[in-house]
Amino acid sequence: MSNKLPVGILGATGIVGQRFIQLLENHPWFEVSWLAASDRSEGKPYSQAARWRLKTAIPERVAKMTVSPAAPEGAPKIIFAALDAAIAQEMEPQFAAAGHAVISNSSALRMQKDVPLVIPEVNADHIPLIEAQAWRKSSSGFAVTNPNCSAIGLVLALAPLHRRFELETVMAVTMQAVSGAGYPGVASLDILGNVIPYIAKEEEKMEEETQKLLGKLNGAGIIPAPFAMSAQCNRVAVEDGHTESVSIRLKKKAQPEEIIAAWNDFWAEPQTLRLPSAPDQPVMYLHGVDRPQPRGTAHAGQVDLRGTA
């Protein structure tokens, strides 16, 4: 019998759900024991319910699992949620209210006052905010979210600079891969040979989430970071790996070598605790004049859990 913690995946048949399955396959602490999706998938073997889109094969054990109803009854206490925002807005609170720990990839609850929006390397100190949630007080359940895909990379690079020099202004222009749109994503005739200079609600998410992530916990809420933030988001014909061009103004003057040192020296709690999926170096500075590029560097530093189970 496995001594790993059983976890469930809500929205398991979608691309994000598939990525959860892939990343948890050999995790030394967690084991996928429950899968749930829409009514049309309920009762089917996962291999039949999901159109697997990732480059690795479906884990054999998961392929044979039966897809369960998307309801809290019978679900494990730890839930990784990969739902569309509109569905998540209703469903994630149901699971939290029923006593589950909901770790959400959706935007639905990210800006809710009492829900932590977390990058472990940046603001693990925001996690105690869960104690202010009504769900926590009534059932011990809670919700915690991760940020928008473009905000994650941006904030990881900004955090070391904000701590040493303080940010005054941030202007970011993104070149976002089609994988960020999920499946079926962007029609091929719209994106091939093209740049789409608009992604619905993306700019607002980047601006609001960046300031919340770098803000300070104050009782039952987060005081947003006070710097000015502007984002312009574009979809480009790249398969995986978002690229961002960022201009910043710092309150304290810094030389280029000091900025590079701030990135190279950046070390946080996940690295101190040696968490299984934490990269050894959260932020990498590449010296090449033609770097970074999505091809070749998008997965640099990614931890391979194969052989650790």
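Buried means under 20% relative accessible area, exposed over 50%, and partly exposed in between, with a 1.4 Å probe and protein chains only. Helices (H or I, at least four residues) and strands (E, at least two) are DSSP runs, numbered from the N terminus. This is a predicted model: local features need pLDDT of at least 70, side-chain atom pairs count only at pLDDT 80 or more, and totals for chains, interfaces and linings use all residues. Residues are numbered from 1 along each chain as its sequence is written, and side-chain values use heavy atoms, with hydrogens and water left out.

**View 1. Helix H1 and its cover.** Helix H1 spans residues 15-24. Its buried residues are Gly17, Gln18, Phe20, Ile21, Gln22 and Leu24. What covers them includes strand S1 (5-10), strand S2 (30-36) and strand S3 (78-81). Helix H2 (46-49) and helix H3 (60-63) also belong to this cover. H1 lies across S1, S2 and S3, with contact meaning heavy atoms within 4.5 Å. H1 runs at about 160 degrees to S1. Axes here are lines fitted to C-alpha atoms, for helices over the stretch in contact, and angles run from 0 to 180 degrees between N-to-C directions.

**View 2. The parallel sheet of five strands.** The order in this open sheet is S2-S1-S3-S4-S5, and the pairing is parallel. Two strands pair if DSSP finds at least two bridges between them. S2 and S5 are the edge strands, each pairing on one side only. Neighbouring strands of this sheet are turned by 25 degrees against each other on average, direction ignored. S1 and S2 are joined by 6 bridges. Val7 stands opposite Val32 in S2. Helix H4 (residues 85-97) packs on the sheet and touches S1, S2, S3, S4 and S5. The direction of H4 makes about 150 degrees with that of S4.

**View 3. Strand S3, covered on both faces.** Which residues of S3 are buried on each side? Ile78 and Phe80 are buried on one side, Ile79 and Ala81 on the other. S3 pairs with S1 in the parallel sense over 4 bridges. Gly8 has Ile79 as its bridge partner in S3. S3 also pairs in the parallel sense with strand S4 (residues 101-104), over 4 bridges. There, Val102 is the bridge partner of Ile79.

View 4. Thr145 lies in strand S5, residues 142-145. Is Thr145 buried or exposed? Thr145 is buried, with a relative accessible area of 3%. Leaving aside neighbours within four places in sequence, its contacts are Ser104, Leu109, Arg110, Val115, Pro116, Leu117 and Val118.

View 5. S7 pairs with strand S10 (residues 228-236) in the antiparallel sense over 2 bridges. Ile196 stands opposite Arg235 in S10.

View 6. On a 1 Å grid over the protein atoms alone, a pocket is an open set of points where a 1.4 Å probe fits, with protein on both sides within 12 Å along at least five of seven lines; lining residues have an atom within 4 Å of a point. The lining has 16 residues, of which His162, Arg163, Leu214, Gly215 and Lys216 lie nearest the centre. Helix H5 (120-123), helix H7 (149-165) and strand S8 (216-218) each give two or more residues. H7 provides the largest share, 3 residues. The lining divides into 9 nonpolar, 4 polar and 3 charged residues.

**View 7. Backbone details in loops.** A cis peptide bond joins Tyr183 and Pro184, with omega about 5 degrees. Pro184 is in the loop between S6 and helix H8 (188-191). Ser140 is not a glycine, yet has a positive phi of about 75 degrees. Ser140 sits in the loop between helix H6 (134-139) and S5. Ser140 is partly exposed, with a relative accessible area of 46%.

Key:
Ala, Val, Leu, Ile, Met, Phe, Trp, Tyr, Cys and Pro count as nonpolar, Asp, Glu, Lys and Arg as charged, and the others, Gly among them, as polar.
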